[in-house]
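Visitor: I would like a close look at a single part of this model, with its surroundings described step by step. Please take your time over it.

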Amino acid sequence: MATLVLPNSAPSPTQDCERLNLALQGRGVEEYVIVWILGHRNAAQRKKIKETYQLLYKESIINRLQSKLSGVLKKAMILWMNEGAERDAIVVHKALKKGKTEVNKLQVLVELACVSSPNHLMGVRQIYCTLFQCSLEEDITSNISTPSLQKLLVGLVSSYRHDRGLVDLNLAKSEAAKLHEAIEMKQLDTDDVVWILSTRNLFQLRATFGCYKKSYKVAIDQAISSNGNGDLDTILQAVILCIESPEKHFAEVMEE
């Protein structure tokens, strides 16, 4: 396997912009040069390149990449040049448009709500409003027709979880019982379910899931799978996996 060798010191943003502009001239775009430069720059350096390119050429480098590249490379480079929160807002927006017909695409929203830090989630929501002239919550309700999915996803993206490792075992036992009742009654969109999954910190939820397994001799995701309700069942299992073991969730996504 080839080894990626990073330069000891990166060229100035002006030098990078000049090389990128040359690579983007004419019909024969020099894709290797573009990938090599942008692929070897961190987020702060890419931000400087964006600002400098705009100053030098009175054009957004993202627009330039959009017009000159194609296919997978175009998508990758445009996402790479956006900052983290902006990139996630764009990905989520695209997922919502596809989520009308492909429910599995909505797992991107679950990942954002259950794996990101509270501050990052808030940043994505703010940028989403700027980019698309509506809130993320509004887009969920206008693009997702199933009321139970709307309710759960809006609850998840609207939350601001306490990110400290505080756990109340008595509360975990009580809420495990509430989740069990909802699963047994096949009422997975109750206020209790949405409230618990969207507001409790991740450590508290992991304790709740542990109490569920100890009390009812089955993992909560397996119980949902056995008593679930189609699309909501699928999204709830993704929520639980992202909370319990995000690395396992992403490994499964990569395998797909």
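Guide: Val253 has a relative accessibility of 33% and therefore counts as partly exposed, since that class lies between the buried limit of under 20% and the exposed limit of over 50%. This is a predicted model, and in it Val253 belongs to helix H16, which spans residues 246-255. Together with Val115 and Phe250, Val253 makes a nonpolar surface patch of about 190 Å².

Ser245 counts as buried because its relative accessibility is 15%, and its side chain makes a polar contact, at 3.1 Å, with the side chain of Glu247.

Another loop, the one between helix H10 (147-158) and helix H11 (169-184), holds Tyr160. With a relative accessibility of 48%, Tyr160 counts as partly exposed. Leaving aside residues up to four places away in sequence, Tyr160 touches Pro118, Asn119 and Met122, and with Asn119 there is also a polar contact between the two side chains, at 2.6 Å. The C-alpha atoms of Tyr160 and Gln126 are separated by 13 Å, the two residues being 34 apart along the chain.

Helix H9 (residues 136-143) can be read by its buried residues, which are Leu136, Glu137, Asp139, Ile140 and Asn143. These residues cover an arc of only 165° around the axis, so they lie on the same side of H9.

Conventions. Residues are numbered from 1 along each chain as its sequence is written. This is a predicted model: local features need pLDDT of at least 70, side-chain atom pairs count only at pLDDT 80 or more; totals for chains, interfaces and linings use all residues. Side-chain values use heavy atoms; hydrogens and water are left out. Patches are made of residues with over 30% relative accessible area and no salt bridge: like charges are joined within 9 Å, nonpolar side chains (Val, Leu, Ile, Met, Phe, Trp, Tyr) within 5 Å. Accessible areas come from the Shrake-Rupley method with a 1.4 Å probe; for residues, only the protein chains shown count as cover. A salt bridge is a side-chain nitrogen of Lys or Arg within 4 Å of a carboxyl oxygen of Asp or Glu. Helices (H or I, at least four residues) and strands (E, at least two) are DSSP runs, numbered from the N terminus. Buried means under 20% relative accessible area, exposed over 50%, partly exposed in between (1.4 Å probe, protein chains only). The arc is that of the directions from the helix axis to the C-beta atoms. A polar contact is a pair of N or O atoms within 3.5 Å; within protein, one must be able to donate a hydrogen and the other to accept it, and residues adjacent in sequence count only if both atoms are side-chain atoms. Contact means heavy atoms within 4.5 Å.
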